[in-house]
Amino acid sequence: MAQIEVKVPQLSESVAEATLLSWHKRMGESVTRDENMIDIETDKVVLELPAPESGVIVQIIAADGATVVAGQVIAIIDTDATAMASPLPVTAAPVQAEAPPTPAPAAAAATGGTKGDVAMPAAAKILSEKGLSATDVAGSGKDGRVTKGDALAASAPAKAATPAAKPAAAAKPALQQVNAPTTAKLGDRPEERVPMSRLRARIAERLVESQSTNAILTTFNEVNMKPVMDLRNKYKDKFEKEHGVKLGFMSFFVKAAVAALKKYPIINASVDGTDIVYHGYFDIGIAVGSPRGLVVPILRDADQMSIADIEKKIGEFGQKAKEGKLTLDDLTGGTFSISNGGTFGSMLSTPIINPPQSAILGVHATKDRAVVENGEIVIRPMNYLAMSYDHRIIDGREAVLGLVAMKEALEDPARLLLDL
């Protein structure tokens with residue numbers, strides 16, 4: 001018999017733990033090499049764990065909701081075993097493999113009948129604690145044997161439990177699925193309590209950390225988006241035909257941000273203890289909504305990317321976020337971030353810095369507004385920009401001038417081509 005350990009894959013240096021989301025296979029079920037067995041959630045991404053070899057899952061050590069670390073063994077595959085006719089459901093963690101058929105202890109042995117001729121050793125102990133015998137439970141194992149899963153699912157008799165059984169009964173809730181929601185019955189005012197996902201908990205932790213460790217201040221400005229909109233309307237069809245991707249607005253914001261960061265390098269810097277680290281590269285994080293929460297994939301070396309390259313990469317990130325396919329590498333690093341609340345109709349916001357970065361640009365909905373130009377009231381498509389920055393290293397002067405540089409680049413896109 002060849003048994004293969006299924007281990008949690010190597011996590012990034014910044015990720016200490018992960019959570020098992022949901023097993024796609026059950027104990028006793030066959031699995032083929034490279035078939036996804038379970039989804040594993042870190043505080044950044046959801047990873048798929050492929051089967052290392054083909055065989056039968058004979059042991060599941062950690063169930064849905066369990067917290068695990070890199071290299072931890074969570075299941076055993078037997079490459080020579082035969083799949084069970086009725087695979088066992090994934091129950092609580094840990095679940096040990098059933099031992100080979102052996103006579104059960106006298107307390108749980110069957111005295112006859114068609115219900116479970118014999119209880120497996122692990123099942124016998126559970127049945128004894130519940131005050132049940134093997135004849136009280138329908139076995140799903142081979143030849144009608146009562147398995148541990150059958151014993152766990154069995155209901156105790158209506159009579160009061162013996163004192164010795166109470167401690168075990170009290171421990172049962174800890175064995176339930178960790179991520180199972182609970183609903184409180186409050187008449188016409190119901191409530192549902194759902195545990196945070198690991199990603200959501202990490203987002204909450206980082207936001208609180210950012211608020212408590214950075215001296216966050218936000219500066220605002222408005223930008224006339226008409227020049228960018230005119231340029232986009234003029235070339236969008238040719239652009240899509242040439243590059244196979246639609247010309248959006250985010251690429252202009254990225255280019256404008258890079259231009260400003262080049263002029264004011266402190267905005268692209270970060271704090272490390274008592275040092276200021278000036279980054280000679282421009283890795284721009286783009287905040288993207290996903291079914292699991294907000295994620296910020298990174299455009300690496302954005303200064304070396306064309307507008308077409310940026311649009312393609314943003315589209316790729318959006319699709320990967322939707323499918324839960326973003327990798328740790330996609331989300332690691334970043335020297336400056338852009339958050340586009342305008343996608344959802346936001347007029348104005350004060351974005352929170354993504355540590356260890358020192359600044360973030362908030363982009364909002366573009367709306368026609370009355371503005372004054374040369375003493376005349378005219379209608380222009382205006383967008384309010386907000387840049388939050390860490391006042392520990394970025395002074396108001398650099399922050400304001402940096403945002404003005406972004407505004408000027410957007411109101412005169414030719415500056416982006418001429419590096420002005």
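This is a predicted model: local features need pLDDT of at least 70, side-chain atom pairs count only at pLDDT 80 or more; totals for chains, interfaces and linings use all residues.
Let me start with the chain as a whole. The protein chain has 420 residues, of which 41% count as buried, and its secondary structure comes to ten helices and 21 strands. If we take the contacts between residues at least 6 apart in sequence, we find that 63% of them join residues at least 24 apart. As for the surface, the chain exposes about 22,100 Å², and 54% of that area is supplied by carbon and sulfur atoms.

I would like to turn now to strand E4, which covers residues 36-41. Six of its six residues are buried, so strand E4 is largely enclosed by the rest of the structure. Which strands pair with E4? One of them is strand E2, residues 18-23, which runs antiparallel to E4 and is joined to it over four bridges; here Thr19 stands opposite Glu41 in E4. The other is strand E5, residues 46-50, which also pairs with E4 in the antiparallel sense, over five bridges, and in that pairing Asn36 has Pro50 of E5 as its bridge partner.

Is Gly362 buried or exposed? With a relative accessible area of 2%, Gly362 is buried, because the cut-off for that class is under 20%. Leaving aside residues up to four places away in sequence, Gly362 touches Ser339, Pro351, Tyr384, Leu385 and Ala386.

Finally, let us look at the loop between strand E18, residues 336-340, and strand E19, where we find Met347. In contrast to the buried Gly362, Met347 counts as partly exposed, at 48% relative accessibility. Together with Phe220 and Leu348, Met347 forms a nonpolar patch on the surface, and the accessible area of these residues together is about 290 Å².

So, to look back over the talk, we have seen strand E4 with its antiparallel partners E2 and E5, the buried Gly362, and the surface patch that includes Met347.

Note on methods:
Residues are numbered from 1 along each chain as its sequence is written. Side-chain values use heavy atoms; hydrogens and water are left out. Helices (H or I, at least four residues) and strands (E, at least two) are DSSP runs, numbered from the N terminus. Buried means under 20% relative accessible area, exposed over 50%, partly exposed in between (1.4 Å probe, protein chains only). Contact means heavy atoms within 4.5 Å. Accessible areas come from the Shrake-Rupley method with a 1.4 Å probe; for residues, only the protein chains shown count as cover. Patches are made of residues with over 30% relative accessible area and no salt bridge: like charges are joined within 9 Å, nonpolar side chains (Val, Leu, Ile, Met, Phe, Trp, Tyr) within 5 Å. A salt bridge is a side-chain nitrogen of Lys or Arg within 4 Å of a carboxyl oxygen of Asp or Glu. Two strands pair if DSSP finds at least two bridges between them.
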